[in-house]
Amino acid sequence: MTHIRLENLSLSFPVLHGASRSLKKTLLARAKATVTKPASVGGRMRLGAVASDAVLVQALSGLTFQINGGERIGLIGHNGAGKTTLLRVLAGIYETDDGYLDIEGDSHALIDPQSGMNPELSGRENLNLFACRIGLPKGQLPALEADVEAFAELGPFFDLPVRLYSSGMSIRLGFALATVPRPRILLMDEWFMAGDQRFQEKAKERMAGMVDAAEILVVTSHSLPVLKQWCTRILWMEEGQIRMDGPTDTVLEAYEASLA
Ligand SMILES: Nc1ncnc2c1ncn2[C@@H]1O[C@H](COP(=O)(O)OP(=O)(O)OP(=O)(O)O)[C@@H](O)[C@H]1O
């Protein structure tokens with residue numbers, strides 16, 4: 001059965017090494033003084049337990065929950081609450097300091113639109129690279145090429161190096177490629193909402209096909225309409241912890257009330 005299970009999972013990032021004792025003290029004192037309830041930005045700062053010469057940011061702290069097949073999870077929370085870090089952990093990009101993670105089912109992460117792209121190569125050449133990476137049979141390449149070229153609508157830029165693309169153009173190509181696989185577990189950051197208005201509409205349509213095919217969706221977004229549309233359950237994160245976990249309407253109502 002497809003599932004994701006976390007038990008007491010934690011992850012911290014060292015953000016300051018070997019700085020003077022007074023600078024570290026000042027930083028920690030400031031972090032403490034600016035703590036507001038509810039928290040408004042970033043993970044909690046602390047000194048390293050072993051190497052006390054380092055200041056750490058506690059990005060995830062003691063997370064325990066389970067996601068089962070059929071669930072569509074939205075991650076919400078303040079800037080720096082730990083949403084993207086959690087997504088990266090689930091995608092196997094970050095190792096955790098502590099805790100247990102059990103994932104059953106193949107996953108695909110839509111986190112970085114430029115992921116795996118060579119900026120010196122054209123859109124078309126990057127598509128060929130992508131096809132090799134996912135092990136696409138040669139016979140299916142022309143259909144993929146036609147699909148991606150039509151979807152990305154890059155015109156002549158499709159044959160120019162990606163480094164010449166605007167950020168919106170890179171996102172079009174990255175999105176078109178990233179939405180080709182059909183994984184059982186789909187992990188998605190909110191960058192898919194980027195791009196111009198018309199592209200967003202197209203992107204939503206294409207995404208719907210991918211989401212429908214997935215057994216589990218985990219998506220981060222600051223957009224309440226997006227979360228309401230896509231998700232059945234919301235994990236509201238605060239300073240690397242789960243502040244609330246429940247049905248979409250219930251959690252978003254509480255979240256909105258906290259912002260008022
Ligand atoms: N690579 C990194 N190195 C050091 N600190 C990091 C790194 N990535 C994230 N952090 C820190 O971890 C905390 C959580 O960051 P994360 O990107 O997961 O937040 P987020 O909830 O996705 O925020 P946002 O809504 O702004 O995208 C923040 O305090 C951030 O400064």
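Q: Which element gives the largest share of the shell around the ligand?
A: Helix α2 does, with 3 residues. Bear in mind that this is a predicted model.

Q: How many residues surround the ligand in total, and which are the closest?
A: There are 16. The closest are G80, K83, T84, T85 and H222.

Q: And by class, what is the shell made of?
A: It has 9 polar residues, 6 nonpolar and 1 charged.

Q: Let's get to atoms. What does T84 do at the ligand?
A: An N or O atom in the T84 side chain sits 2.7 Å from an oxygen atom of the ligand.

Q: How far is T85 from a ligand oxygen?
A: A polar side-chain atom of T85 is 2.5 Å from an oxygen atom of the ligand.

Q: What about A81, backbone or side chain?
A: Backbone. A polar backbone atom of A81 lies 3.1 Å from a ligand oxygen.

Q: How much of the ligand's surface does the protein bury?
A: The protein buries 67%. Taken alone, the ligand exposes 640 Å².

Q: Back to α2. How many of its residues are buried?
A: 6 of the 8, so the helix is largely enclosed by the rest of the structure.

Q: Which ones?
A: K83, T85, L86, L87, V89 and L90. K83 and T85 are also among the closest residues to the ligand.

Q: What happens just after α2?
A: G92 takes a positive phi there, about 80°.

Q: Switching topic: how many aromatic pairs are in the whole structure?
A: The search finds 3. One of them is F13 with Y94, whose ring centres are 5.3 Å apart. Their planes meet at 75°, so the pair is edge-to-face, the cut-off being over 60 degrees.

Q: Where do those two sit in the chain?
A: F13 is in strand β1, and Y94 is in the loop between α2 and β5 (98–104).

Q: Which helices hold them?
A: F151 is in helix α4 (residues 141–152), and F175 is in helix α5 (residues 167–178). The pair therefore ties together parts that are 24 residues apart in sequence.

Q: Buried or exposed, those two?
A: Buried. F151 has 9% relative accessibility, and F175 has 0%.

Q: What does the T220 side chain contact?
A: The side chain of D189, through a polar contact of 2.5 Å. T220 lies in strand β8 (residues 216–220). T220 counts as buried, because its relative accessibility is 1%.

Q: Last topic, confidence. What does the chain average?
A: A pLDDT of 87, with 86% of the residues scoring at least 70.

Q: Which elements have the lowest and the highest mean?
A: Helix α1 (residues 21–33) has the lowest mean pLDDT, 65. Strand β9 (residues 233–238) has the highest, 97.

Q: What are the ipTM and pTM?
A: The model scores ipTM 0.98 and pTM 0.84.

Conventions. Residues numbered from 1 in each chain as written. Heavy atoms only, no water. Near = heavy atom within 4 Å. Polar contact = N/O pair within 3.5 Å; in protein donor to acceptor, adjacent residues only side chain to side chain. Areas by Shrake-Rupley, 256 points an atom, 1.4 Å probe, with all protein chains shown as cover. Helix = DSSP H or I, 4+ residues; strand = E, 2+ residues; numbered from the N terminus. Nonpolar A, V, L, I, M, F, W, Y, C, P; charged D, E, K, R; others polar. pLDDT = per-residue confidence, 0-100. Phe/Tyr/Trp six-rings, centres within 6.5 Å; stacked < 30°, edge-to-face > 60°. Buried < 20%, exposed > 50% of the residue type's maximum accessible area, 1.4 Å probe, protein only.
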